[in-house]
Each structure stands twice: as C-alpha cells, then as structure tokens.
Amino acid sequence: AALRPGDVMLLEIQTWVCSTGEYGPAEWSPVVFDVVENATALGIVVVAVAGNGNVDLDQPACNGLFDRTVRDSGAIIVGAGIAGANSKTSFSTYGSRVDVQGWGDWTVATTGYGALYDPLAGDLKRMYTHTFSGTSSATPIVAGAAVAVQGALRASGDEPLDSHAMRTLLQQTGTSQAAGVNAGHIGPLPNVPAALASLYGCHAIDIEPQDDINYVDTARPAKSLSVAVLSTRIADGDGADFDVSQLDEATVRFGPAQAAPFAPVNYSDVDADGDTDAAFEFLIGDSGIACGDTAATLTGVTHAGALVQGNDRVATPSCPESGCHPD
C-alpha cells in the first residue's frame, strides 16, 4: 500500500526449498508467492534473492513451482555471480527461474558489520564492511539497476516499467553469464547503459568522421555524405556495449527524409579504437537536411528487432545569410 506503480521492492529473504533443506527463493512459500504476485500485478517491480543453497530449481523435487509455465509471480529472481567474471558462485541457487545475477563474492561494500569502518560503536548507520556477499549482496545491485532505469524513464516523462517488462529488459540487455567452475544458470549481469540504449535507441554515430566539423553543403545535393555507426564497449568508457554486426544494414535510414544508403556499407575501424565500425554513404539531397539544420539522426533496427538511433551535429555553410528588406 505504501508503493506506487514503477517503485521497486527488494526481498532479502530466503527459505528452504524443494525438500532439500537448502535455501532458495522465498516465493516457494505460497503465502509469499501470493504477496509478490499481487505486488507485480499492481505495477511494482519486485527483486528477490535466489538463495544461497546451490539448489537446482529445475529438479523434479521442486514440483514445477519455479517453472514459469506453471506459475510466475513476476518477480526478478537474482543469483550470485563472481565480480568481473560473471560466472556462478559455488553457493548460489540456480535454474531457469533465476533471471539475472549480481556480485555475490565478498567484494561488495555496504553499511553494517563494521569490518571496514566503525567510528562510533553501535551506530549502524556508520558501520561499513567490504565483505557483503551472497545473493544478499547480489540482489540490491539488481534492484539498484532497476531503480536507475525507472529514474531515467520518469525524468524523461515516460511511464515506468512493470516487473515483467523490467525483467525482460535486464535479461536482454545484460552482460551474458560466463562459463566457470560452478555449473548452473544464473543469467546475465544487468547493464544499465545498454538497457537505456535499448529503450531510447541511443547509439554512437559520427557524421563525416574524417572532419572535426560536419559540414553539409545543401547547395550540392548530389554530393555524398559519410555517416559511421560506431561499435562501443562500456569497458572502454562508452555508453553501452554495441557491435555493428548486430545492425540490419537494410533498415538504416538517415536525415529528416529518411534516406537509404546509395552505396554498400564499408566495415572498418573508423575511430581507431580496435573495434569494427560501419560507414554508410548518403546523398545530401536525399537526406532532407536543409539550411539552418544543426543536427541529423540515423536510425535502424538490429537483427533482433531493437531500435538503433544516433544523433550528431551538422553545419550548413552554403546557406545564404538573412537580411532586412524594405517594404
């Protein structure tokens, strides 16, 4: 009752599941499941721990209660991964119902315990530890990612996502789980910049990449204009991971007139960062760029159907200067 649609509820609780005597998601309990399902039906995003029991939630002893085709609370279930490796920890519960992962390997700092900083004995707000761990540390990371996405949507005047949509977004745009010594599915690690890029189609493009100023001579409509779509990596400080091989080149359009490229795409490392980029050629006259325009947009769609969109500045130096004329 205290929450509104789009708010995020974090469940830091686990319970014994599947008659194993080991820990798994609290929604094993029908009472908890009903509460969570009610919350997600109201538009609240629920993020819950998978548990630290190393339980396979797909095993027969779970009676299909973690099979989404049997029942689905709508919650985002979070497993514990190894920071920097994106592989499963030895203790994390796992299975197809585990949607995404967070760091759970004693590398997370938080308040509490006092192992890192404890200036005033007994003041829990000032006690810090650098060894927060388990699905208990992994799940707040995912909840934070969900809050960041909702904040961006609200700041843009858009409706926040419900729990089902948020789950799908974080799964589809996250950094894939890597193979490791511990087997079991815990899903990808959320990638907030990639999630926002998926929502808003924000990708890096460079008009006339060989020039510092992107001059567009509107007086020469038959002249070609080069527009590069850049591969980016968040590890390099870029906004999101994006590989131009994901782009369906047949869908690429540019400028106000949505011009199609008139020449084959050129795949090369345009920005000299070690990644392959895609350079498209358009005719200025086809692009629809007019005198006084200060920016132009390229759009396209990935092979998976996601929007690709980038914007770059332009200058139109051939436009006549305006003047005052007598009656």
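My entries start with the ground rules, then go from overall dimensions to helices and sheets.

**Ground rules.** I am working with a predicted model, where local features need pLDDT of at least 70, side-chain atom pairs count only at pLDDT 80 or more, and totals for chains, interfaces and linings use all residues. Residues are numbered from 1 along each chain as its sequence is written, and side-chain values use heavy atoms, with hydrogens and water left out.

**Overall dimensions.** I looked up the radius of gyration, which is taken over C-alpha atoms. The chain has 25 Å, while a compact globule of 327 residues would be near 20 Å; the globule rule is 2.2 Å times the number of residues to the power 0.38. Along the principal axes, the C-alpha atoms fill a box of roughly 85 × 50 × 40 Å.

**Inventory.** I found five helices and 15 strands in the chain. These are DSSP runs numbered from the N terminus, with helices being H or I of at least four residues and strands E of at least two.

**α2 and α4.** I took helix α2 (residues 134-155) and helix α4 (residues 192-200) next, and their axes come within 10 Å and cross at roughly 35°. Axes here are lines fitted to C-alpha atoms, for helices over the stretch in contact, and angles run from 0 to 180 degrees between N-to-C directions. On the α2 side I listed Ala145, Ala148, Val149, Ala152 and Leu153, which meet Val192, Ala195, Leu196, Leu199 and Tyr200 in α4; contact means heavy atoms within 4.5 Å. This α2-α4 contact has 10 nonpolar residues, no polar and no charged ones. Nonpolar covers Ala, Val, Leu, Ile, Met, Phe, Trp, Tyr, Cys and Pro, charged covers Asp, Glu, Lys and Arg, and the others, Gly among them, are polar.

**α2 and α3.** I then checked α2 against helix α3 (residues 163-173): the axes come within 11 Å and cross at roughly 105°. The two helices are therefore roughly perpendicular, a label for 65 to 115 degrees (under 35 is roughly parallel, over 145 roughly antiparallel, the rest oblique). Val142, Ala146, Val149 and Gln150 of α2 touch Met166, Leu169 and Leu170 of α3. I sorted the residues of this α2-α3 contact into six nonpolar, one polar and no charged.

Strand β2 (residues 14-17) and strand β3 (residues 22-25) pair antiparallel over four bridges; pairing takes at least two DSSP bridges between two strands. I see Val17 opposite Glu22, and Gln14 opposite Pro25. Four residues separate β2 and β3 in this hairpin, and Cys18 in the turn has a positive phi of about 55°.

**Three-stranded sheet.** I read the order as β11-β14-β15, an open sheet with antiparallel pairing. β11 (247-254) and β15 (307-313) are at the edges with a single partner strand each, so one side of each is left without a neighbour in the sheet. Neighbouring strands are turned by 20° on average, direction ignored. Four bridges join β11 to β14 (residues 295-302), and Leu247 has Thr302 as its bridge partner.

**Four-stranded sheet.** I got the order β9-β10-β13-β12 for this open, antiparallel sheet. Its edge strands, β9 (205-207) and β12 (266-268), each pair on one side only. Six bridges link β10 (residues 224-229) to β13 (residues 277-283) in the antiparallel sense, with Val227 opposite Phe280.
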